[in-house]
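Here is a short briefing for a first look. It takes one residue to start with, then turns to the contact between two chains.

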There are 2 protein chains.
Amino acid sequence: MHSVMNKRGLIKFSLSVWCLCISLMTYAQYGKYVDPKIGSEGLGRVFVGPSAPFGMVKPGPDCTCKPNSGWLPMPEVVTGFAQVHVSGTGGGPKYGNILVQPYCGEPDMESHEAKREYEKIELGYYNTRFQENGIQTELTTSDRCSFYQFTYPKESKRSLRVDAGFFLGENPVPDAREAQQFVGSEIEIVSDTEVRGYSRIRGGWNNGRAYTVYFYAVADKPFTKTLTWKDKFSSSTEKAQCDEGKKTGAVISWGEESTESTVKLKIGISFLSSLKAQENVRKEIPHWDFQQLLAKVRLQWEKLLERIELGKGATEVQKRMFYTALYHTLIMPVDRTGENPLWTDNAPYYDDFYAIWDTYRTSSPLITILSPQRETDIVNALINIYKRDGYMPDARSGNANGRTQGGSNAEVVIADALVKGLKGIDYELALKAMLKDATVPPGGNEEQEGRGGLLEYNRLGYVPFGIDRAGNRTVEYAYNDYNIATVAKMLGKNDIYKEYIRKADNWKNLWRDNYEYDGVKGFIMPRSASGEWLDDLPFGHSKVQHPTFRYTPVTNESPWYAPWWGTFFYEGISWEYSLSIPHDVPALIEKSGGNEAFRNRLDTFFDKGYYNVNNEPSFLTPCLYHWIGRPDLSSARIKQIITRNYNDTPGGLPGNDDSGAMSSWLAFHMMGLYPNAGQPYYLIHSPLVSEYTIRLTNGNSLHVVAKKLSEKNCNIQHVSLNGKELHRAWINHDELSQGGELIIEMGNKPSDWGTEELPPVKM
Amino acid sequence: MHSVMNKRGLIKFSLSVWCLCISLMTYAQYGKYVDPKIGSEGLGRVFVGPSAPFGMVKPGPDCTCKPNSGWLPMPEVVTGFAQVHVSGTGGGPKYGNILVQPYCGEPDMESHEAKREYEKIELGYYNTRFQENGIQTELTTSDRCSFYQFTYPKESKRSLRVDAGFFLGENPVPDAREAQQFVGSEIEIVSDTEVRGYSRIRGGWNNGRAYTVYFYAVADKPFTKTLTWKDKFSSSTEKAQCDEGKKTGAVISWGEESTESTVKLKIGISFLSSLKAQENVRKEIPHWDFQQLLAKVRLQWEKLLERIELGKGATEVQKRMFYTALYHTLIMPVDRTGENPLWTDNAPYYDDFYAIWDTYRTSSPLITILSPQRETDIVNALINIYKRDGYMPDARSGNANGRTQGGSNAEVVIADALVKGLKGIDYELALKAMLKDATVPPGGNEEQEGRGGLLEYNRLGYVPFGIDRAGNRTVEYAYNDYNIATVAKMLGKNDIYKEYIRKADNWKNLWRDNYEYDGVKGFIMPRSASGEWLDDLPFGHSKVQHPTFRYTPVTNESPWYAPWWGTFFYEGISWEYSLSIPHDVPALIEKSGGNEAFRNRLDTFFDKGYYNVNNEPSFLTPCLYHWIGRPDLSSARIKQIITRNYNDTPGGLPGNDDSGAMSSWLAFHMMGLYPNAGQPYYLIHSPLVSEYTIRLTNGNSLHVVAKKLSEKNCNIQHVSLNGKELHRAWINHDELSQGGELIIEMGNKPSDWGTEELPPVKM
């Protein structure tokens, strides 16, 4: 028996070493270019801690309860390490639950914040040492569990605070908008190595219903002392503090050691129960080998990152930007299959669509290329949410739909899946879900789901001024109606197609033809329910003087009582949204007065600074030159935008990454391909890297070479696909997925490539 | 120390004996008349197990998973005893969670159903013995915990199955309408005396979101064996089965005894967590004395039942009917303050409004008399649900609003509270909640909350045919609008008052003046959105033949695809709803062609059997004779209805008790007083008991004597209040709450009392 044990031990050890080798070897190939800090400072707000792909658990440092991702740069103090976060979000925060805080000292109720001495942030790995107490914290993760390794200085009183009451964005005002609100919490010391409990929180950015984050923590060394607390009272004898609507927590201690010593702690998370959290630990980390887990999560990443191989021509900086962009695209939404407290069935369950408004344009299309099965699962989750919960989300977090910022953009995601041939989706049911958005008003809380102002939109053909966000809602609903038309047509439902292809023109009902600004004619402008164009909008609450203010295509301000949610356009100006008709650029060009006028419109837009690099509404706009036969101008704009705004530093993302939206935009543009979500093609423009290979999951590969690419040679001269000349500046998804070779010959001057055959028109 | 212990023991023992004495003494006075079996058979569907007033926990026998209250009469087999039930409900069931089943035998996964040998059902107490195994189960309860006493035969293998997967109304079809659906469950044997876990279920009658019933069970004897299971797999070694979306449970055993032996089991319930359930046990039952707990729950009841004392003239049967009616009125809604998993604040929290559509008429007014503080708490809970959840419920169960059957009848409850002077309610906020119902459409799921068809109702002044339940929705909305007018007026908001007092007339828009049926003119009838009266309604789905069927005031059937929820009137016919204008009977009389025609209308209604004794819409109708100056005819009808339909047997309620709606209707009528909810008066008619005293919580008492009352002397001759002759057939709530003496002189012939001064008109 003993010798068997030894044999087993040896095998285990060998396996572990082998895993580590594999990890270092494979990690060396792609994962080493992932720098989770890119986009962590400034507006990017990305999450810097370790995360598995679409990982439910995202443990990382929390610096005060204010920032969205938890993290702030040094020298901010670290409050502790919470287990659940989101990445790149704006507005009010969400999550930040189950905070652990290592410190040296006796168990007490105090918070022992500390400053960082250094910080090491890598793919799947976080490491810091606190200045005040010298504790080193290392951190890695599986899908649903965190793994901590705390190294305490010698002769220190090794303690860990486990705070079940902590969360991000606390606000003393009940039901304060976008603020998370405490509902309840619980803590229970189960044995001398185990603690469990939960944190129940409501509200947050999406003003959602209460969600509960359960945890189970197990240490590799027995506690020597414990303390639990509830509200203002603590006890060194009570092992449990039940939920009475108060904050609870525990301190666990391991006493002193004469030498520097390490305590390991695994924390399982679940949205069902603490026992399920324990089961997650049992299944995902049935060992105490930190390196083995780190190797595993890196291997998970490697399997995804290797789907696109940048060739030798790419610089280190480009590789860092590109692979980090892929990484950021793949950390949300999160896979919570089997962790849904609302219903049980066999469908996949995803949460933290945050928000589809941000991610439909480039994140979904990129996931479809990297992992079509994953995108299929995500789409099925969306449809199942409709089936069980009533509506597909435009955003969803903490198991609650909300908030919609404009359209019901799950429509785009579904249309994109269908036109790109994703199998295993019930598109008939999906169409029902889409039609529900388009026909059934969502009721009192119009930010939760569906389409606000729907009755007016369906009656008038536009959302009239007076209803929040009338401008972008109209523009987005028209696009969403186009998506419905697309799906209906492909399913052979001609009546529905006819109805919705007509509605896809509804943006024209807010197009004020003769309105001129900066020498450009025609803008999406506010219009009353009775059909009047409004030059002046009401200001303030006075019903006596009825004050107004002038509204123009550059108006970016709103009265003090109306944040973005109450303005005509959400997070944007008319200049931006008047270029945001992704399904009918030819009609937009015509409305703008033809090719010349449209080029002038685009040039004015970029040159006068109306283009907003830090938000999604203008994601497609730099490519609009393609539709007037000038892909060279698209390429020039894109290069300029990326050069000026993106880099591989912590400030390297110009806006909220929004679950990877900014990142996926960048990744596509670096490849010289850009999707128009909901439509089956990619526009071709000048790549920023000279060679790359897309390894598709169907076994095919697309090898792309940009010959002679250099700083000067940034204009496309000729393109060939599998040896056949390609005059058009786009390829179909079918062509991409059949793979082969795409040769792009570059030169230093614009050519006539792509000037004749324009991108596809609407179906 | 030892002597102190003895002293303590003695004190404890004395206290226990004293409690028991108090219990028996006080129980003897009022509680002994409560027979929870009245209304348990036939349509009544009352819950027969023990319950504290408004008690969160309602443990009782479950016979299969079909019946709404769990219970079925012998000889049905008993599956076990679940801890949470509702009382008197129709439609699909709700709850039936955490089933325990005592049996004799080794731990196994089988269900050991058994037949009852006898059944003893008393206030706060249930007792049965199983034929198959001879186990006696006794049962009592506190607010949030059950207390079981199982007496096993000698030399039997004492086992108990704890089933966390059981619930009422299981249906294999996902999301089947009104069916409860399994979401998840968990079981954990914590020590050799403790088990805990939960059951998470969604759906049920109100098609609500998932709710979770947590439990903590503790036995007074250590387990000798245990077994746990998940899905189809069981284990005698695994102590816990975590939630993986499968049914779980445990069997606990206490081995054999040579003599008959008793095992006691306390089960705490919580909607927050198992630890909170444990805390509920600790707080509510810190002992093992079954009799003491029984005494306590009976004392709780005595404090409420003693508020109305029936005089010596009342028969045993009348006392049994009356006190059981009070009892049934006071078991729902349930007090879940401190047990709300959705938000935490200082407001009271009540659940299981099931439904206000049923209870607003007589249950709320009766609670206001018996315990105004309780009604205040309930109203505050309603308003707080609006504040945190968006809308007040018309029905709510399992922490989820739904389903509305007609109006937004929380409006009536609030108006009733205000006109009866309940303090400690933020009526300004309440008005906001009411106005939300009246102005903001509830969205896609119009059965959840608010007013379905609101836009059409507000545009046309009625709900047009084509929208579900257009008839009763219109009638009820008009009354709800009257309630809003009432509250607005009392708060000095004249603009709102004016708007809503006008809308209170909206029922007239569905009044088809010249429509004649059975010699009676004018009925609420279906009308199209364009204003046409509809004699024929569509039948079936054929869009080719467009078949129709004739709709008349007695039409009680609907096409096969349209249950009550899709018909013109909910659970009723036009004959009934055309008499259901509680805020404007004078206008109804005028619309009906004057007093004579109205009397004919009422007589026809009763004599031809259009009156439906088993449902709430006609609750007020027998009293409508008051408004034509004929309270004697009201009295005659009421006496006839009660004599024919109500008694003190298990079949003694003619319809679903609906949380005590039928019961409270009976209680008021036995007293010869009847409220018109939302209005500050009680109609006076012939009491069925000759003397009673209402002991108000303000310290006043109203002593009511019906002099010379007999089978023949059932007509009121004169009435005096505090010595002053009362010509009118009603008293104000103020008069009632000031107390004093109400002398009603009875005679054998109708008099001219109450013929002159008619009940108050609308404000």
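**A residue and an interface**

Thr376(A) sits in helix H7 of chain A, which spans residues 372–389. The model is a predicted one. Chain A also meets chain B, with 41 residues of chain A in contact with 41 residues of chain B.

**Thr376(A) and its surroundings**

- Thr376(A) has a relative accessible area of 5%, so it counts as buried.
- A polar atom of the Thr376(A) side chain lies 2.8 Å from the backbone oxygen of Pro372(A).
- Setting aside neighbours within four places in sequence, Thr376(A) is in contact with Leu422(A), Lys423(A), Gly424(A) and Ile425(A).

**Area between the chains**

- Chains A and B bury about 2900 Å² between them, and 50% of it is on carbon and sulfur atoms.
- On the chain A side, Leu275(A), Thr344(A) and Arg388(A) lose the most area to chain B. Together they make up 17% of what that side buries.

- Six salt bridges are counted between chain A and chain B.
- Lys283(A) forms a salt bridge with Glu244(B), where the closest N and O atoms are 3.0 Å apart.

**What chain A brings to chain B**

- Elements giving two or more residues to this side include strand E11 (194–203), helix H2 (274–284) and H7 of chain A.
- Strand E10(A) gives the most, with six residues.
- By class, the side of chain A that touches chain B has 19 nonpolar, eight polar and 14 charged residues.

How values were computed
Residues are numbered from 1 along each chain as its sequence is written. Chains are lettered from A and ligands numbered from 1 in the order in which they are written. This is a predicted model: local features need pLDDT of at least 70, side-chain atom pairs count only at pLDDT 80 or more; totals for chains, interfaces and linings use all residues. Side-chain values use heavy atoms; hydrogens and water are left out. Helices (H or I, at least four residues) and strands (E, at least two) are DSSP runs, numbered from the N terminus. Buried means under 20% relative accessible area, exposed over 50%, partly exposed in between (1.4 Å probe, protein chains only). A polar contact is a pair of N or O atoms within 3.5 Å; within protein, one must be able to donate a hydrogen and the other to accept it, and residues adjacent in sequence count only if both atoms are side-chain atoms. Contact means heavy atoms within 4.5 Å. Buried area is the accessible area (1.4 Å probe) that two parts lose on being put together, summed over both. A salt bridge is a side-chain nitrogen of Lys or Arg within 4 Å of a carboxyl oxygen of Asp or Glu. Ala, Val, Leu, Ile, Met, Phe, Trp, Tyr, Cys and Pro count as nonpolar, Asp, Glu, Lys and Arg as charged, and the others, Gly among them, as polar.
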